[in-house]
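Keep the sequence at hand as you go.

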Amino acid sequence: MPMVNVLPFDKNLGYPQKQRVKIGGKAHQLFYRWNYQGNFAVLRITRLEDRIRVLESKLTPKNPFEVKDPVTYEVLFTILPWSIDSTKAEVWVFV
């Protein structure tokens, strides 16, 4: 059965911000930023062990997508941006 967690986002810091988190047993760096021209949030996820960027995408609320290894295309985890605006980012991750 998949495990669900919420990716960390500190509302006091706002955008942009970096966080480090363990997803599926591996360390990742999250980088959130706000695109002021398009009025949307962007999330970049980098796997720290090899510095490979596994995701850089616009966060659209209630629009889930699979994050895949860029070399093997194996599904690493699934994220679901739940509540996104210019002050917060609540993103669920399914491992």
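Is Lys88 buried, partly exposed or exposed? In this predicted model, Lys88 has a relative accessible area of 23%, so Lys88 is partly exposed. Its salt-bridge partner is Asp85, with the closest N and O atoms 3.0 Å apart. Asp85 is partly exposed too, at 26%.

The structure holds six salt bridges. Three residues, Arg44, Arg53 and Glu56, are linked in a network of them. Start with Glu56. It forms a salt bridge with Arg44, the closest N and O atoms being 3.4 Å apart. This pair links distant parts of the chain: Glu56 sits in strand β5 (residues 52-59), Arg44 in strand β4 (residues 40-47), and 12 residues separate them. Glu56 also meets Arg53 in a salt bridge, at 2.8 Å from N to O.

How accessible are the members of this network? Arg53 has a relative accessible area of 46%, so it counts as partly exposed. Glu56, at 36%, is partly exposed. Arg44 is partly exposed at 23%.

Now turn to Asp69. This residue lies in the loop between β6 (65-68) and β7 (75-84). Is Asp69 buried or exposed? Its relative accessibility is 11%, so Asp69 counts as buried; the cut-off for buried is under 20%. Beyond its neighbours within four places in sequence, Asp69 is in contact with Arg47, Glu74 and Leu76. With Arg47 there is a polar contact of 3.0 Å between the side chains. The C-alpha atoms of Asp69 and Arg53 are 8.9 Å apart, with the two residues 16 apart along the chain.

Definitions and conventions. Residues numbered from 1 in each chain as written. Predicted model: local features only at pLDDT ≥ 70, side-chain atom pairs only at ≥ 80, totals over all residues. Heavy atoms only, no water. Helix = DSSP H or I, 4+ residues; strand = E, 2+ residues; numbered from the N terminus. Buried < 20%, exposed > 50% of the residue type's maximum accessible area, 1.4 Å probe, protein only. Contact = heavy atoms within 4.5 Å. Polar contact = N/O pair within 3.5 Å; in protein donor to acceptor, adjacent residues only side chain to side chain. Salt bridge = Lys/Arg side-chain N within 4 Å of Asp/Glu carboxyl O.
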